[in-house]
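This report looks at a strand pairing, a helix packing and a chain contact. Please keep the sequence and the structure at hand.

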Amino acid sequence: MPESSFKPLILSHFWLAFGSFGLACVLGVYQVLERSGLIPLMQSPEVYFASVSTHGVLMAFVLTTFFIMGFGYLVATTSLKMPLAHPKWATAGFSVSALGTLMAAIPLLLGKASVLYTFYPPVQANVFFYLGAALLVVGSWFWAVIMVVMFGLWKKAHPGATVPLPMFATTANAILWLWTSVGVALEVVFQLIPWALGWIDTIDVGLARTLFAWTLHPIVYFWLIPAYIVLYSLVPKAAGGALFSHDLARLAFVLLLVFGLPIGFHHLYMDPEHGQGFKMIHAVGTFFVMLPTLMTGFTVIASLEQAGRKKGGKGLFGWIGKLPWDHPVVLAAILAFLMLIAGGFGGIVNASYGMNAMVHNTAWVPGHFHLIFGGTTVILYFAAAYAVWPKLTGRALIEGSLPLVQLWSWFIGMIILSTPWHILGLLGQPRRISSVAYNSLLTLAWDPYELAMIIGGLILLGSAFLFLHILLASQRKGLRIAAEEAEIHYADEEPEGTRVPALLNGFGVWNLVILLLMLANFGYPIAQFFLFKTFGSTGWGY
Amino acid sequence: MSSSSRPLHIDPLEKKWLKVAFALIALFVGVILYTGFFQHVHPPGGMETIDSAALHLSEEFAEDRLGVSVAPDGAIKVTLVAARYGFYPRSIKVPAGRPITFRIASADVLHGLHVPMTNLATMVVPGYISTVTTRFPKPGEYPLLCNEYCGMGHDHMWSQLQVVSQEDWDALTPSSKEP
Amino acid sequence: MKENPRDDRSPRGTWVLLCLVALAMAVGWLFLYFGVFLPRGLIS
């Protein structure tokens, strides 16, 4: 396999992702300290909001996009056992996204793009922020196209054969991303950039929020699917077992793709520019998308149970103790499931239509997404890195139990950080404030939770540094190993010649279903901004 | 040369789990639909536009129309403007236990309105009028907080809501119900 | 000792575990919806 030529490319993606992650963690600790009001000298809305904006962009857009692209290239080449298609496009895509990141980072760090990672208008950022964000997205489209191309090339070379599960899922993710990113791309290209450049005076804020909401829900599945690939394709063998159900695994990815897209209005429940009818439709769709996650829980945990029983686990739960808790990929999966149950529950509450009023824009919301994304998803990104690092570097991970310490500390830190955060939300604390300035007795209850969160943040920072240390030290000083030892052990596919239902081996029909669902759920809600007279907003500073 | 379309292989226990999963989803959707249709539990909604740059020229949001008003049939309406950095008028008084309809418009940027420990919650989007109806179960002094980032003064954007008991409200003369 | 051949294939532990999780979610959600959310005042 002439892969050595694109290992540096994949490593570049991972280092850009994880380096950004490390910087963002430092900002996070600053933020939790500043917010608590413990150190009066630190109080500064200007610095705080610049930090939150940078932290959000790095975590939600940079860590994710680059990790997903790099992991995707790796999964494609190793699971399909073919070389990277169009490597020059892959390099070009990386460069465009990296340039975009740098372009956005400069105004962010200078405090000229303190519009938070959601950049809702009409508060306006420096135009280079929007240009940089656009380039980051455009570069990722190169990746998505390469994934789809490789999927097609392999199917042509193996007529009628079943596409290996990791690549089926990766391609689903690429298709998901192409559909998902259209919303924010339209908002940025046709509204925010011309407006920031002064080419148009006003933009319709309701339309901007609607286009962003198109992207805002499915982007979390874009982030989550690679984590699910770890669960389905890497965890079973790591635990010493096999994948419990291949068919349902494929179906889960298809359901995430199809039902994850047309449901963005649960981010707009409290907004005045849409009616209750469409909000209710999106709510019902949002509850349907619980299904693939509930399926994933069963299939992957059943795979773990079988592995544990093979090792002698008896009775209903004996297998849990027999699992290899000292294998980083298995440990990460167990901790991820614990956080998925809590974080998933929080998501169900958010989705619950009228009940969203209880939590919308309160501290519950960042508590939720730190748990479900920073917890469940990112811990599986750590597992993925540990699993593929030997393949990428030709060296074993450094000796010792450091990866286990790192994973446990990430989990513990995240629980300590996010639990008080959820409670603060139920007590009504708003999100996106840099200090507590309300002269109201209700706010006195908030202090102890804020102090507890500092401890969570500090533990997470230590864990983040440990993660970076493990990767760096392994890359430079790990024991060199032979190529065969470094292979990535995907869960065994079903025997050669086994066929799966055509609907679980391709995406033609599903793309059509998506198109119809998007038209039904977004067609009129977007068209209405053009059918009726609306009043736009000029740019506002902050 | 398409793959044969054989049926899905699903383990019997996983099939049972899928039924449980569907039941869970049906429970949540069912309760939401039920309370939606029979108790009118909904988030705010309904596309109504307004020129946020000219609020003072509008009929509904002109300065002398803001605040609490009581219709002849007793229906209570509160008209507010959200603007950096407060909800105007800054202090309002309403009764507990009665449905109150809030009509809010922004004079500048995006805001969010929330009263902790109650269900008064809505986004305020420039160009659109927000309408939300709720009841306050308990009398007391509540802060009306902005919970969407609106600039460097966002931390300080709040107003006061006083919820009085039904008896106190009825005892108030019409003129003292205005702010 | 004899292994029940069904042990191998039937993930009973997973089934029980996840049923408990589903139950906990149902109870937790109902508590939040009827015990916290609605008592704060009907909204429409």
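## A hairpin in chain B

In this predicted model, strand β1 (residues 67-70) of chain B pairs with strand β2 (residues 76-83) of chain B. The two strands run antiparallel. Four bridges join them. Within the pairing, B:Val68 stands opposite B:Val78 of β2(B).

Five residues lie between the strands of this hairpin. One of the hairpin's residues, B:Gly74, has a positive phi near 95°.

## Two helices in chain A

Helix α8 (residues 246-260) of chain A packs against helix α17 (residues 508-531) of chain A. Their axes are 9 Å apart, and the angle is about 25°. Angles under 35 degrees count as roughly parallel, so α8(A) is roughly parallel to α17(A).

Which residues meet here? From α8(A) come A:Val254, A:Leu257 and A:Val258. From α17(A) come A:Trp510, A:Val513 and A:Ile514. The contact of α8(A) with α17(A) has six nonpolar residues, no polar ones and no charged ones.

## Where chain C touches chain A

The contact draws 19 residues from chain C and 20 residues from chain A. On the side of chain C, the elements that give two or more residues are α1 (5-9) and α2 (12-37) of chain C. Of these, α2(C) gives the most, with 14 residues.

What is the make-up of the side of chain C that touches chain A, in nonpolar, polar and charged residues? This side has 12 nonpolar residues, three polar and four charged.

Key
Residues are numbered from 1 along each chain as its sequence is written. Chains are lettered from A and ligands numbered from 1 in the order in which they are written. This is a predicted model: local features need pLDDT of at least 70, side-chain atom pairs count only at pLDDT 80 or more; totals for chains, interfaces and linings use all residues. Two residues are in contact if their C-beta atoms, placed from the backbone, lie within 7 Å. Ala, Val, Leu, Ile, Met, Phe, Trp, Tyr, Cys and Pro count as nonpolar, Asp, Glu, Lys and Arg as charged, and the others, Gly among them, as polar. Axes are lines fitted to C-alpha atoms, for helices over the stretch in contact, and angles run from 0 to 180 degrees between N-to-C directions. Angles under 35 degrees count as roughly parallel, over 145 as roughly antiparallel, 65 to 115 as roughly perpendicular and the rest as oblique. Two strands pair if DSSP finds at least two bridges between them.
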